[in-house]
Amino acid sequence: MSTEDNWVTTPVTADLLRGFLDVEPTAHGLLPHRLPARARRQIPDDLLATAEAQPSGVRLVFRTRATTVELLTLPTKRVYRGLPAPADGVYDLLVDGRLAAQATVAGGNVRTVVDMVTQRAELSEGPPGTARFTGLPARDKHVEIWLPHTEITELITLRSDAPVEAAPDSGRRVWLHHGSSISHGSNAAHPTAVWPALAASRGGVELVNLGFGGSALLDPFTARAMRDAPADLISVKVGINIVNADVMRLRAFVPAVHGFLDTVREGHPSTPLLVVSPLLCPIQEDTPGPLAPDFEGGTVRFRATGDPAERAAGRLTLAVVRDALARIVGQRAADDPHLHYLDGRDLYGEKDYAEFPLPDEIHPDPAGHRRIGENFARLVFADGGPFSVTAG
């Protein structure tokens, strides 16, 4: 039986982490980032600055015989003024690839968003807390702790009733994925239930998730980060944020997509590269943005405010974006045999919407995430798919 006297304290260092592109030392410990420092210096708003620091897909990975593990962290939680506070973020602990335990950390910092449009926020500081996992099997095992996908998480220290050591490289292919809030994990129940995590598990790959809520906007610094990051497989899911933020017209969108792909290809000239168009989202299929939030009833729902008649002048809708992306990939694929296209409605389309409607009109619920992950694994990782082990 373990006692406090024989517990081991292990500093959290980068060699224990997977799914990140950078780490930042803080006054408390270590803060994982999903964009490198060079890119972070070019971020123009708080929305992306917050999103990239929320560790969707980031996990601690180690081997140990410990039956109890504690992770001391300082979370920063985001709440919206006037709306109920969300539940504490979930930490998923996997043993040999299977979900074995979950925990939460109460307290921490609170970032209160006071303006939904600009994301201006006020920070209240709070104390660190501990995610505690007990009853783990008393044998040598591979352990992963997936961090909450919607809470900035400063990692302080790891405590256990047996030593831990960094896990060796798995040898599995690394999948680098970029997308919007759905890829980030909006409305997913816990970190390994975000659709890219589900797809990665089914595909047997190591995930690096660059899904950024509200911020898949073809930013050049994101393309450069992807260019420079090691990867065996790359996917770019783009379009929905550009439409719902109304940041481009068709004239700018097409060359911006080409430029983004050109930059990624500078570092990965022959890596399988999949372009995924937007999932079905009825309010934006034929109506341009911007989106406007509606807080009636104490929950947030969204509506599109643009004029469909302005499509002829280059205003973007999801239907327009899908047509443009298909043309772009078709044109480039003539000289790039490792470039592929997937219509996002094959991941979540009319039948899926009928079964799993979008609760706020733009984000799927947990069952929707599961469906998207299953469809991606079936279409992309399975035999014949662009990321299959036998693909060209």
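Let's start with an open sheet of five strands, which run in the order β16-β15-β17-β18-β21 with parallel pairing; two strands pair if DSSP finds at least two bridges between them. Strands (E, at least two residues) and helices (H or I, at least four) are DSSP runs, numbered from the N terminus. At the edges stand β16 (206-211) and β21 (339-342), each with a single partner strand, so one side of each has no neighbour in the sheet. From one strand to the next, the twist averages 15 degrees.

This is a predicted model, in which local features need pLDDT of at least 70 and side-chain atom pairs count only at pLDDT 80 or more, while totals for chains, interfaces and linings use all residues. Residues are numbered from 1 along each chain as its sequence is written, and side-chain values use heavy atoms, leaving out hydrogens and water.

Now look at one pair of strands. Four bridges join β18 (residues 273-276) to β21 in the parallel sense, and V275 stands opposite Y341 in β21.

Next comes the nonpolar core, a set of buried Ala, Val, Leu, Ile, Met, Phe, Trp, Tyr and Cys residues joined through side-chain atoms within 4.5 Å. Buried means under 20% relative accessible area, with a 1.4 Å probe and protein chains only. The largest nonpolar core has 66 residues, and W175, F253 and F376 touch the most other members. Helix α8 (residues 318-333) gives this core its largest share, six residues. A second, separate core of 26 residues includes V12, V58, A101 and L147.

Terms used: Buried means under 20% relative accessible area, exposed over 50%, partly exposed in between (1.4 Å probe, protein chains only). Axes are lines fitted to C-alpha atoms, for helices over the stretch in contact, and angles run from 0 to 180 degrees between N-to-C directions.
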